[in-house]
Amino acid sequence: MLSAELARSTTLVGGLGFPYDDLLAAVLSRFGDTQPLGALDREAMRLGRASLPRGQCAPLLATAGALLRRARGAQSQPLAFLSATSCGPCRYALFASTYRQLLREHGGGPLWMVEQDWPRLLETFGDAAASDLLDALLAGDALLLAQRRLRSQVQAPEQLDAAWTAAAVDVAAAIRGGLAPLVALARHAAWHDALALRPREAQARMVLIGEPWSLHVDGDAQSQLARVLGDAGVEVEVPPLALWLAYRLWERSQPPLRKVHAHAPCEPATPPLTAADIGARYARACAVLGMHEVDFPDVEQLASWAAPYLPASWRGGYGHVEVGLAARARFEQRAHAVISVKSFGCIPSSGVCDGIVPRVLGDDVAFLALEVSEDAVATRESRLVLQIAAAQARASAEAQAACQAMGVSLPEALAGLPRRQALQPEYAVGPRRYACTLACELSASARRLQATPIDPETRTSL
């Protein structure tokens, strides 16, 4: 097992950014000195660009830059690097060779690239550590979901950032201290209690889809996309990172991969993990933070959503999952706009975005394919501003339509709504009547008024 090798040097764990790297490194610290790779920030991108040939993707630029920064600061301390393999032979598959070269040039130790596959994780780390690694990843998903649900609602985003970062750091420290990931997460469930919320208002809603790394890395390496949208008052829906692992499990069950792995030599002694198991464990991690209404997309259902446009048998990475998420966003009224987040000009991914997703969404939902590799920043920001403005106009129109159905003004309708649950919003799961959450709440309020006789004096006070 690789776990026995981790005690021989300081091992950097990473490639997914904060908080995932910190939580995963904390679990692996039981085997030796493991540390997170470091921030995938603008400095890391700059170092990566300066040390690599032109044309590389944002994941390689950011992770190579972060590794180079740590290697230069390590002095005589030997470093090893533990990271996950990429989703396929993307961009000439230069990840492993680049990492090895950087380690070699700075006197570092070995490179371990772990396949993103549950049986391989069991083989590499053992059942108990693999289970805790999964729970650590799910804890990161839950923390990010909480941050994104709150961001469009809080009065002071900088206070949210400080409280959330401190909570994630404390959870990682508690795991290093010996607590199980979800136990450590539960001890920090109240991290957001002191945050003041904005007055309730109609908010645009956007669904993010796209290449997994760019979709889930939070911060500079993603051009702060989710934060920019939230600070602009936009509700943001992002599928959890664990959906990628669920997809890989689903993929193994499909022909021809099912035949390839039918007689794998290293079958785990424990019952095999399924995509449904991951969804259940994700819901448990979110419930620890008080979020009981969460959505873990069903991979089989996404394949069905995508089938008319991109059959799952035409597998080329994450393509049909992306198409399925877009189709769901349209047919369940989940978004005013869908943004496909790209870390580079990937040919298969761009083909899915430019050729398929606009057809899936039709005229019902706006679409934007957005590259976040820090090229053409001004162009990207101007396109994003236009999408935000158009989506906000649609949200306001939906809220007004719901008020008209009630026969009251928007201020009067808002006064009659129950108290908002910031981390437990209504309509977080399932189809919606409107993409605007406030419009959904007003519509439900109107239906309740119609179902319950109210005397004229009470109705006037609403």
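Start with E1, helix H1 (residues 20-28) and E2, which form a right-handed β-α-β unit. Right-handed means that, with the strands pointing away from you, the path from the first strand over the helix to the second runs clockwise. Helices (DSSP H or I runs of at least four residues) and strands (E runs of at least two) are numbered from the N terminus.

This is a predicted model, where local features need pLDDT of at least 70 and side-chain atom pairs count only at pLDDT 80 or more, while totals for chains, interfaces and linings use all residues. Residues are numbered from 1 along each chain as its sequence is written, and side-chain values use heavy atoms, leaving out hydrogens and water.

**Around strand E1**
- Strand E1 (residues 10-13) is covered on both faces, with Thr10 and Leu12 buried on one side and Thr11 and Val13 buried on the other; buried means under 20% relative accessible area with a 1.4 Å probe, protein chains only.
- E1 pairs in parallel with strand E3 (residues 79-84) over 4 bridges, and Leu12 has Phe81 as its bridge partner there. Strands count as paired if DSSP finds at least two bridges between them.
- E1 also runs parallel to strand E2 (residues 34-36), joined by 3 bridges, with Val13 opposite Pro36.

**The four-stranded sheet**
- An open sheet of 4 strands, paired in parallel, goes in the order E6-E5-E7-E8.
- Strand E6 (235-237) and strand E8 (366-371) sit at the edges with a single partner strand each, so one side of each has no neighbour in the sheet.
- On average, neighbouring strands of this sheet are turned by 25° against each other, direction ignored; axes are lines fitted to C-alpha atoms, for helices over the stretch in contact, and angles run from 0 to 180 degrees between N-to-C directions.
- Strand E7 (residues 337-342) and E8 share 6 bridges in the parallel sense, and Val341 is partnered with Leu370.
- Helix H15 (residues 319-331) packs on the sheet, touching strand E5 (205-210), E6 and E7 (contact is heavy atoms within 4.5 Å). The direction of H15 makes about 165° with that of E5.

**The second largest pocket**
- This pocket holds about 750 Å³ of space.
- Of its 44 lining residues, the closest to the centre are Arg149, Arg205, Glu235, Pro425 and Ala428.
- Helix H6 (127-151), E5, E6, H15 and helix H19 (437-451) each supply at least two lining residues, and H6 gives the most, with 5 residues.
- A pocket here is an open set of points on a 1 Å grid over the protein atoms alone where a 1.4 Å probe fits, with protein on both sides within 12 Å along at least five of seven lines; lining residues have an atom within 4 Å of a point.

Terms used: Buried means under 20% relative accessible area, exposed over 50%, partly exposed in between (1.4 Å probe, protein chains only). Grid points are joined across faces, edges and corners, and a volume is the space filled by probe spheres set on the points.
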